[in-house]
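Visitor: Could you take me through one part of this model up close? I'd like to look at the loops and their backbone angles.

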Amino acid sequence: VMEMHTDITPVRELEETLKRSRARLAELFEEVPCYLSVQGRDLVVQHANRAFRETFGEDAVGRHCYEVYKHREEQCLVCPAMETFSAGEARRHEEVVTSADGRKINVISTTSPIRAPNGEVFAVIEMATDITQLRELQDQLTSIGLLVGSMLCEPGGQWGWLATEMSFRFRRPVYVGDTITCTLTVTSVDE
């Protein structure tokens, strides 16, 4: 009879370290203060963190990202996730998404590839940061700047006047640092 003993303490310690590392990684994914999701090639949300689920619905996992983010029935025309699958590179974009309760949320979103050991992109992780308050502040500052700039004008150096009404409609979002060109048409002057 031969008896053999092996001390497996180091193996148990490694298993415990691995278990703690996985738990810590899961906790970080869950608690990161932005919207995180993992999507497969079919654009179905495979994983989502707490912030994502609370904002876009507890039922978000298992649904298509375009259903969750945009309340659409088909894939978005411009799809950064699909661009990431195609190019195998990260993509960044800004868009407006819709929460489960119908709120519009401005986000900056970054998609990055998740690769298999052979290098093939099999999923995309998307991180979206809510910038709604920033965009609202920019809108207010733009309006104030336009109002102040339009209050006392001297077109052609001939008249001094105070604008009583101005309205603006922008064809696209206006951001800090953008140049805005206005065309002024004087239709009448009351003296």
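Predicted model: local features only at pLDDT ≥ 70, side-chain atom pairs only at ≥ 80, totals over all residues.

Guide: Residues are numbered from 1 along each chain as its sequence is written, and side-chain values use heavy atoms, leaving out hydrogens and water.

The chain has five helices and seven strands; these are DSSP runs, numbered from the N terminus, with helices being H or I of at least four residues and strands E of at least two. In order along the sequence, they run α-β-β-α-α-α-β-β-β-α-β-β.

Now for the loops. Between β1 (35-40) and β2 (45-48) you'll find Leu43. Leu43 isn't a glycine, yet its phi is positive, about 65°. Is Leu43 buried or exposed? Leu43 counts as buried because its relative accessibility is 2%, and buried means under 20% relative accessible area, exposed over 50%, partly exposed in between (1.4 Å probe, protein chains only).

Next, go to the loop between α3 (65-70) and α4 (80-87), where His71 sits. His71 also has a positive phi, about 55°, although it is not a glycine. With 45% relative accessibility, His71 counts as partly exposed.
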